[in-house]
Amino acid sequence: PLAFAPGSTYSYSNTNFFLLGMVIESATGNPYHEEVRTRLLEPLGLDDTYLDGAELLPGGFVRGYEHISTGSYVDMTDAFDPSLTWAAGGLISTVEDLDDWGRALFTGDALSPAMRTAMLKREPLPGGGVSPYGLCIRIQVLPGGLGLFYSHGGRLQGFNTMFGYLADHDVMS
């Protein structure tokens, strides 16, 4: 059963990204990772970004550690297979490529102007509320003159990431 009536609230779900990956494969007849590489990574020059499990990863990526109850940290890099997240988070990248991706997404050629406008539009909810998300992007106004902030986070065992763009100041974080 539905968790709520469509359009009445929002709920983030990684399942939607799995479905998107399946739609991409069905529509193109190609594996998801090939479409991501040929349509996004190569044209944008993101040469240090890979889909784990589908592409060979070169060395040099950081290891991931998890804080445990004893107060120490445990290396989780090889304990969890990131390829299990596939289209919902299986990309492995560098900070430099992530910065380049953000610039292309928010100000460059990754999307058409119409697609960018749709991505960054928060939808009103019944009762006067507004969704905190556009299409896959959290949208906030930060205090202290920081202004409009677009972001998305991700977490796997040993790794915690937050990617953001301060639009009013043209700063990636």
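Trainee: Where do E35 and R39 lie?
Mentor: Both are in helix α2 (residues 32-41), 4 residues apart, which is about one turn of the helix. Helices here are DSSP runs of H or I with at least four residues, strands are E runs of at least two, and both are numbered from the N terminus. This is a predicted model, with residues numbered from 1 along each chain as its sequence is written. Local features need pLDDT of at least 70, side-chain atom pairs count only at pLDDT 80 or more, totals for chains, interfaces and linings use all residues, and side-chain values use heavy atoms, leaving out hydrogens and water.

Trainee: OK, and how do the side chains of E35 and R39 meet?
Mentor: In a salt bridge, at 2.3 Å from N to O. The term means a side-chain nitrogen of Lys or Arg within 4 Å of a carboxyl oxygen of Asp or Glu.

Trainee: Is E35 buried or exposed?
Mentor: E35 is buried, with a relative accessible area of 8%, while R39 is exposed at 58%. Buried means under 20% relative accessible area, exposed over 50%, and partly exposed in between, using a 1.4 Å probe and protein chains only.

Trainee: How many salt bridges does a search of the whole structure find?
Mentor: It finds 7. One of them joins R103 and D170, at 2.8 Å from N to O. R103 lies in helix α3 and D170 in the loop between β7 and β8, so this pair ties together parts that are 67 residues apart in sequence. R103 is partly exposed at 29%, and D170 is partly exposed at 41%.

Trainee: What about K121 and E123?
Mentor: Their side chains also meet in a salt bridge, at 3.8 Å from N to O. K121 is partly exposed at 48%, and E123 is partly exposed at 40%.

Trainee: Last one: how many bridges join β7 to β8?
Mentor: 2 bridges join them, and the strands run antiparallel. L166 has V171 in β8 as its bridge partner.

Technical notes: Two strands pair if DSSP finds at least two bridges between them.
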